[in-house]
Amino acid sequence: MTATTDVQKISILGKESIHCGFHLVPYIVNTVLTELPASTYILITDSNIAKFYLPAFEKEFRSTLSGLLNGTHARPRFLSYIIPPGETSKSREGKAAVEDFLLLNKCTRDTVILALGGGVVGDLVGFVAATFMRGVRFCQIPTSLLAMVDSSVGGKTAIDTPHGKNLIGAFWQPEFIFIDAALLETLPSREFSNGMAEVVKTAAIWDDSEFNSLESRSAEIFAAIQTPSTNYAGRSEKTRSDAQKLLLSVIIGSISVKAHIVTIDPTEKGLRNLVNFGHSIGHAIEAILTPTILHGECVSIGMILEAELSRQMGILSQVSVGRLTRCLKAYNLPVSLADPRIANLPSAKLITTERLLDIMKVDKKNQGNDKKIVLLSRIGATYEQKASVVPDGLISKTLSESVTVVPGIPSFNPVKMTTPGSKSISNRALVLAALGTGICRLKNLLHSDDTQVMMAALSELKGAKFEWEDGGETLVVHGGNGSLSVPPKGKEIYLGNAGTAARFLTTVCTLVQKPPTGESETTVITGNARMKQRPIGPLVAALRANGSEISYLESDGCLPLSIRPNGLSGGIIQLAASVSSQYVSSVLLCAPYANEPVTLELIGGQVISQPYIDMTVAMMKTFGIEVIRRVEKDTGKLLDIYDIPKGSYQNPSDYSIESDASSATYPLAIAAITGTSCTIQNIGSSSLQGDAKFAREVLERMGCEVNQTATETTVQGPPIGQLKAVEEIDMEVMTDAFLTATVLAAVASGKTRIIGIANQRVKECNRIRAMIDELAKFGVSTNELDDGLEVFGKPVEELRKGVSVHCYDDHRVAMAFSVLASLVPGTILEEKRCVEKTWPNWWDDLQNKIGLEVKGVELSTPSVSLSSARLSPKSVILIGMRGSGKTFIGDLAASALRWTFIDADNYFETVHQVGVRQFVHENGWPAFREAETKLLKDLLTEKDLLKDWVSSGGLVVHVSRNIGEIIEYLGTEGSRPAYGEPVSEVFERRATWFAECSNHRFINHVEAFADGKIVVDPTDTKRGVREEVSRFFHHISGVSANLAQNLMPGHRSYFLSLTYPDIMLALPKLEELSVGVDALEVRVDLLRSKEDIEPLGKHIPSETYVADQIAALRRVTSLPIIFTVRTVSEGGAFPDHAQKEAFSLLKLALSLGVEYLDVEMQLPEQTIKQLVARKGATQFIASWHDWSGRLKWNSPEAQAMYNIAAQNGDIVKMVFTASTMQDNFDCQAFALKMNGRPGAKPFIAINMGAVGQLSRILNTTFSPVSHPLQPSRAAPGQISFAQVQKALHLIGELPAKKFYLFGNPIDHSLSPTLHNNAFETLGLPHTYELLETAEVGEDIKNTIASPDFGGASVTIPHKLNIIPLLDQLTPAAKVMGAVNTIIPTNDGATRILVGDNTDWLGIRGSIAARVAVGQIHAALVIGAGGTSRAAIYALNDLGAKVIYVWNRTRSRAEELRTSNLDMNIQVIDELGQWPSGTTAPNVIVSTIPASETSFEDEPDRLFYPASLYSYRDGPAIVLDLAYKPVETPLLKLAKMTASNWDTAQGVEVLLQQGYAQFEKWTSRKCPQGIVSRKVWEVYYNRV
Ligand SMILES: NC(=O)c1ccc[n+]([C@@H]2O[C@H](COP(=O)([O-])OP(=O)(O)OC[C@H]3O[C@@H](n4cnc5c(N)ncnc54)[C@H](O)[C@@H]3O)[C@@H](O)[C@H]2O)c1
Ligand SMILES: [Zn+2]
């Protein structure tokens, strides 16, 4: 049996105890039994592994044992013990369990233990072996790759405690380590990658050539574990496949290094520390992310960060960092914390530089306070033969997300340097050399995403072979001469977001020839989500026309593509070249390998970026293929036609890639701005790159001295502050350099105009906008042009310091602003990593080669770049289907905001001088649509600009309406033409467009209530719409957000959680339900329409249904809405795994402009960020819910959760579950502590469960309440608002107050009815009583001095006399010179009595309910007494254009006018007679007693003529402030003669002013419907 097993042995600590091979079970059993005689053999494994391998071991042991000994000797025993899988088994308890098993089975000192498993089993079992009976023999049989190459080798054993990992353990060497690589076939692939991190690490510190093979053979290595071996293939060398050999050699290579190091330094004194490369930072990350992210994954990121640290210290080259990155990526390992696998975790929010440094303090390697880190010096070698001491400052600089540059003179002045290889040249050289014949050594190649992706893809296509030399400084390309093959079935070529790679490779893939035999698969190239939106259409169209079979697998015009291996036909290829020159280069580069010589004709208008095409042609020539560009015979003019001969590229043996000219602009610009000198080697006048002209054409003209040879450029800047503006620079040939020019222009004297750069709007970001927005932060003015911008330069001293620059993830923005940062103190460049695209070590070079100090900066809050622009006054654009109600809504909104409204239809008429219908009649439909499109383009600019506008914070509201309603409406509406095609089709077509181009959606629910479903008075509906529109637009425009007032400290706020499946059911009783509360929560997870059949917890309500529900709710209430999608795991009914759907609903909420959005913090980080970016005026409630009862308020987790929520939300919400009363006290203590922090955000801290009720009573911010009328409670333990008030009163938190009415006579007053009913409804313990006195005397003085005085209403005759007793008057009371309300407030310790006047609010409310703000053409006030002052004040506030006043004694009316000169008041002599040429009033208010009036000509009575009501063109209202009779002559006249006039009587005004009083006293909304019913009842009983 052993004869057929081939094992390779590795020596460790002087003994060949590591045995490696495939399918070793029989070999292991045999070796153990013969080499390690014992009475008992115990195999310990975890249940995952037992399932696969325990039976084989058991069988082998039993058969061998029975075969071996059948005499009289005691036969050795074989026992097995299975532990649960996972790290938790590596504990004291886990160890005790194994020991108890051994003891129970009477194991003795001569036992041999076999650890079959991953690192967990190995560490635990090893430690048991080390201490059991003071140490027994054991063997490691590692089953995970990590265990094979790392944990099983070296004798380190350990268990974890709650204080940390591996803190208790021992060095205990195994007798044997059996590496059976066949075991890896069942290992999950993520676990394999996890182990590869250690393999890559070992090669990186020790063995360059090993690293080379890992780097280039990842695909084969993966394949080796993915193809199962049958029939024990691999057990003998004869049966071993190439893949198996490769796998084994990788494992053995890695183990050998570790074994070597361990042998030299068995107890980790020095050298052995080297294996900790990547672990210092990796462990710190792991401490936060475990167990979700695996050890190897954390170490992978740690390696990159530690390598960057070394690069930053000038020890390691960027090339090596790039190789390490690429290699780890190839094994599917994350290389940065921005990796979505990590960034999306909630716990990722806990990773801060400070926290990582703190964790790193406890590293075993440290020397005292100094941290020690293994520094790489190149691939395969470390800086020292041990870990090196690194100061904290350097580590935190590496870890920080943002940087700042310390301004000054570059210390290496005059600077001489090269910049990274040109990206364009690198990309082209790579394709040329790969397609060429022979070997080419590429020097100064840029390691970018594009080159990495391109190399991987070319290897995948078997188009070329790549190798590194000189520690990676040189790339050796073995050209494949254009021979390419289809990748293995199912293998797609993944290009990430590498744009150039995608374009070049598309044509390269068409070169793939049909395989001679077998089926011909296709080549599939794909990319990430962003790549799938980038255009490739023109190139694909050209190749298709040439006969290539290319199909789009997802959306037309974008990747992924499937390409048939037919070869490229050649001949004439026509290509549209006005979008990207890369299409042209792509075809040119591949053309020599077409079947026929290619003639490439560029069509479709102006060819873009000609210099890049010239570059391609020039480089092809260097590689031996001469392209001929045709010229027009007569004129000699160059044509856009290229002839490319058939042929092969002849690789030059060496090719040195020119430095990147765009990158060179930054150091040159630093010289220019700091008045120093800089020489860039490797770029000069002979350069192929357009940006090489920057020095001469920009810097020289700005006042620099420029010297350029063919291969070198030197710039000497003028003294600081003396750069000159350039009137106009056309940068079309060097568009990428415009950002550099722009920052220089910012400090140059005068205005610089930069043009020719329109294409920069569609780069990594809209760069023109980005520059404008970021320069504005410095206080620099700019002016956007169609194809560029103007910059108004400013002296440096006047630039704002300490600006934080948002970089839009765009390398050029970051580097350009770092030029400005070298001059302007305190400038912060956010997102420093975005330079990775072209100059990953820019920050290091800035410090190490230029000599400007760069420091790490930790931003305290994530940068939110959009919100600042939001509140600037901008127009609101409404878009939507014809008939959706844009005009109606727009009119209302404009009048509410007092902005101008431009109606597209009217605009059309103005422009075309004819009505729409007539236009169609005369010109037909197509002409109309064309005209309309053009018009909309003019009006709204193009679609993309609309989108841009949205993304820069502009408001576009999509007015949407039910399609059925639209069709019906359009059918009845004659003045506008129908569409000329079915409306529903137009609707479908445009719906997505509208959604895409808008950031808000207003649902115009015109008919929702009219069909009798809901019992609402039609006037109420109209008012509802008006109020809704006004609220919505005020809110989203930020003019005045509709937020809950009681969120202020010192107030208590509440929300009602609506638990109806259909909110329509709640609407009729909404007022009762919502008494006292400040907001309404819509539990979206509980919504379900009649058609929804899935059970709760599985069900997702449709967006249309949810939007309709919100719209319906808003029609009847002005309370802010809290939009909540509560998941099952957080106590709600929304499916846990429907995060995408939850995200869509949350986005919907933002577009509807809901006031509050509950965002669960367990959502992926990315989701939360995206929501924050578009939140607008909506406030976030960042919430955590622990349903399990596990979390305690005084735990560190609670603190961490609070911090995360406070970082992301405007309001923090934490809901735990109480099991004891103490939990409530802890909750209260925690809340008090957090609320005491400076700048604390409003905090909802409550416990669920019946025991948690007390916490709901004590909580001050947005306490959730329920109501007895509701079908079910939102959460267990919820009580009603009134119950909470009663409870607060009982525990002394809400003392009873007394309120009064002062006046005489007042015994008929309705106020006690109003207020006492309101108090009772809300559960408030207060009372309201009458205090009737003839004068303001002792009675009143004593009353208001009493501590339980809550407030008072004041009426005739005390409204003036009360004033001397008060401390302050509100502006309204001052203007009217009278007080009707006393409000006691507290100014710290002293009580202040404020006198207010709510009479005007009563009048205002009654009018505003019928006539919209701004719609009062003229108003009439009859009478000139005290109440008329209130009337005038109210009318003016409502925007009345003119107020007529009539009084019997004209002089009193004149007095009224002169004391309000700022208002437009006109005194009139005769009622019903208005100045000629004016509009008659549409509002009339009478303040005189009704008994003295009549509309018939009666003696001694004031006569009301019918001409009072001559206004007939719209809504109008007459208000009679007299209480008696119920119908006064003035009102009766209106009812008899004028149907458009609405009437209101004094009681209504009394009610309205009473509501206002109540709200001022209690800061709660008065339950108006409930109290008004009572008041009217009492009123009618009396009259
Ligand atoms: N002692 C050391 O020098 C050292 C070094 C590195 C890591 N470690 C320790 O190693 C542990 C991690 O080891 P690990 O990554 O192997 O974890 P692990 O033991 O938990 O194994 C990972 C997972 O893979 C499963 N698994 C293992 N082999 C399998 C196979 N062949 N087929 C199917 N499933 C298989 C396991 O059941 C487990 O679920 C940690 O506790 C770490 O502290 C120790
Ligand atoms: Zn490790």
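This is a predicted model: local features need pLDDT of at least 70, side-chain atom pairs count only at pLDDT 80 or more; totals for chains, interfaces and linings use all residues.
A polar contact is a pair of N or O atoms within 3.5 Å.

## Ligand 1

| Residue | Protein side | Ligand 1 atom | Distance |
|---|---|---|---|
| Val 120 | polar backbone atom | oxygen | 3.1 Å |
| Asp 123 | N or O atom in the side chain | nitrogen | 2.9 Å |
| Asn 166 | polar side-chain atom | oxygen | 3.3 Å |

How much of ligand 1 does the protein bury? Taken alone, ligand 1 exposes 860 Å², and the protein buries 89% of that. The shell draws on several elements. Those that give two or more residues to it are helix H2 (47–68), helix H4 (119–131), helix H5 (145–151), strand S8 (164–171) and helix H6 (189–206). There are 25 residues around ligand 1. Of these, Asp 46, Glu 87, Lys 90, Ser 144 and Thr 186 come nearest.

## Cysteines

How many disulfides does a search of the whole structure find? The count is zero. Two cysteines show the distances involved. For Cys 298, the closest cysteine sulfur belongs to Cys 327. The separation is 18 Å, so the two are too far apart for a bond. Cys 807 is in no disulfide either, and its nearest cysteine sulfur, that of Cys 834, is 4.6 Å away. A disulfide needs the two sulfur atoms within 2.5 Å.

Are these cysteines buried or exposed? Cys 298 is buried, with a relative accessible area of 0%. Cys 807 is also buried, again at 0%.

## Gln 689

Gln 689 sits in a loop. That loop runs between strand S28 (677–681) and helix H23 (694–699). The relative accessibility of Gln 689 is 7%, so this residue counts as buried. Its side chain makes a contact with the backbone: the side chain of Gln 689 reaches the backbone oxygen of Ser 659 at 2.7 Å.

## A nonpolar surface patch

Which residues form a nonpolar patch on the surface? They are Met 1221, Phe 1225 and Val 1251. Together they have about 250 Å² of accessible area. Phe 1225 belongs to helix H42, which covers residues 1221–1235. Why does Phe 1225 count as partly exposed? Its relative accessibility is 42%, and the partly exposed class lies between the buried limit, under 20%, and the exposed limit, over 50%.

Key: Residues are numbered from 1 along each chain as its sequence is written. Chains are lettered from A and ligands numbered from 1 in the order in which they are written. Side-chain values use heavy atoms; hydrogens and water are left out. Buried means under 20% relative accessible area, exposed over 50%, partly exposed in between (1.4 Å probe, protein chains only). Patches are made of residues with over 30% relative accessible area and no salt bridge: like charges are joined within 9 Å, nonpolar side chains (Val, Leu, Ile, Met, Phe, Trp, Tyr) within 5 Å. Accessible areas come from the Shrake-Rupley method with a 1.4 Å probe; for residues, only the protein chains shown count as cover. A salt bridge is a side-chain nitrogen of Lys or Arg within 4 Å of a carboxyl oxygen of Asp or Glu. Helices (H or I, at least four residues) and strands (E, at least two) are DSSP runs, numbered from the N terminus. A residue is near a molecule or strand if one of its heavy atoms lies within 4 Å of it. A polar contact is a pair of N or O atoms within 3.5 Å; within protein, one must be able to donate a hydrogen and the other to accept it, and residues adjacent in sequence count only if both atoms are side-chain atoms.
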